[in-house]
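Opening the notebook on a new model today. I want to go through it piece by piece and jot down what I look up.

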Amino acid sequence: MTAPDDGAPFLDEEMQRLLAQFQADLRPLQELRESLDNLRGHGQAANGQVKAEVLPSGALGGLRIDPRAMRLGADALAEAVLAAANEAAADLAKQMAGMMTDGLTPFADEVRRFGQD
């Protein structure tokens, strides 16, 4: 049986320091992901009579059709629903792009350094 290495406490402390730093580095990415999960895109059509909400998954999360929109007729109403959903998807994409840019900017220097190693 060998005697314990006197350097072991230092290694334990160093591992704890590295783990704490890693967790601190991940925290902004976790917060970014949570923020992205909570985003909602919003769009409307037919003078606001049709409103849609799109989730980050791309699914339609909500649809509100004002009773007055029923006078549009089936084809026009269908087009209005699609227009509102497309506007909501575009709104969501714009929000997500902004959040990704803002959320990943702090990591740009790290990425550049990694590429140089």
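Where is the place of Gln-49? I find Gln-49 in the loop between strand 1 and strand 2 (helices, H or I with at least four residues, and strands, E with at least two, are DSSP runs numbered from the N terminus).

Ground rules before I go on. I am working with a predicted model, where local features need pLDDT of at least 70, side-chain atom pairs count only at pLDDT 80 or more, and totals for chains, interfaces and linings use all residues. Residues are numbered from 1 along each chain as its sequence is written, and side-chain values use heavy atoms, with hydrogens and water left out.

**Entry: Gln-49**

Is Gln-49 buried or exposed? I get 15% relative accessibility, so Gln-49 counts as buried (buried is under 20% relative accessible area, exposed over 50%, partly exposed in between, with a 1.4 Å probe and protein chains only). I then listed what Gln-49 touches, skipping residues up to four places away in sequence: Arg-64, Ile-65, Asp-66, Arg-68, Ala-69 and Leu-72. Contact here means heavy atoms within 4.5 Å.

**Entry: Asp-66 and Arg-68**

Two of those names come back here, so I followed them up. Asp-66 is found in the loop between strand 3 and helix 2, residues 74–104. The side chains of Asp-66 and Arg-68 meet in a salt bridge, 3.0 Å from N to O (a side-chain nitrogen of Lys or Arg within 4 Å of a carboxyl oxygen of Asp or Glu). Asp-66 counts as buried at 19% relative accessibility, while Arg-68 is partly exposed at 46%. I also see the backbone nitrogen of Arg-68 at 2.8 Å from a polar atom of the Asp-66 side chain. That is a polar contact (a pair of N or O atoms within 3.5 Å; within protein, one must be able to donate a hydrogen and the other to accept it, and residues adjacent in sequence count only if both atoms are side-chain atoms).

**Entry: salt bridges**

How many salt bridges does a search of the whole structure find? I get two. Side chains of opposite charge can pair when their charged atoms come close. Besides the pair noted above, Arg-17 forms a salt bridge with Glu-14, and the closest N and O atoms are 2.8 Å apart. Arg-17 and Glu-14 are three residues apart in helix 1 (residues 8–37), so about one helical turn separates them. Arg-17 is partly exposed with a relative accessible area of 45%, and Glu-14 is partly exposed at 25%.

I traced an open sheet of three strands in the order 1-2-3, with antiparallel pairing (two strands pair if DSSP finds at least two bridges between them). Strand 1 (41–45) and strand 3 (60–65) stand at the edges with a single partner strand each, so one side of each has no neighbour in the sheet. Direction ignored, neighbouring strands are turned by 15 degrees against each other on average (axes are lines fitted to C-alpha atoms, for helices over the stretch in contact, and angles run from 0 to 180 degrees between N-to-C directions).

Five bridges join strand 1 to strand 2, residues 50–54. Across that pairing, Gln-44 stands opposite Lys-51 and Ala-45 opposite Val-50.

Ala-52 stands opposite Leu-63 in strand 3. This hairpin has five residues between the strands, with Gly-58 at a positive phi near 95 degrees.

**Entry: Gln-95**

The C-alpha atoms of Gln-95 and Gly-41 are separated by 7.9 Å, though 54 residues apart along the chain. A polar atom of the Gln-95 side chain lies 3.1 Å from the backbone oxygen of Arg-40. Gln-95 is partly exposed, at 27% relative accessible area.

**Entry: whole chain**

I count three helices and three strands, running α-β-β-β-α-α from the N terminus. Buried residues make up 18% of the 117 residues.
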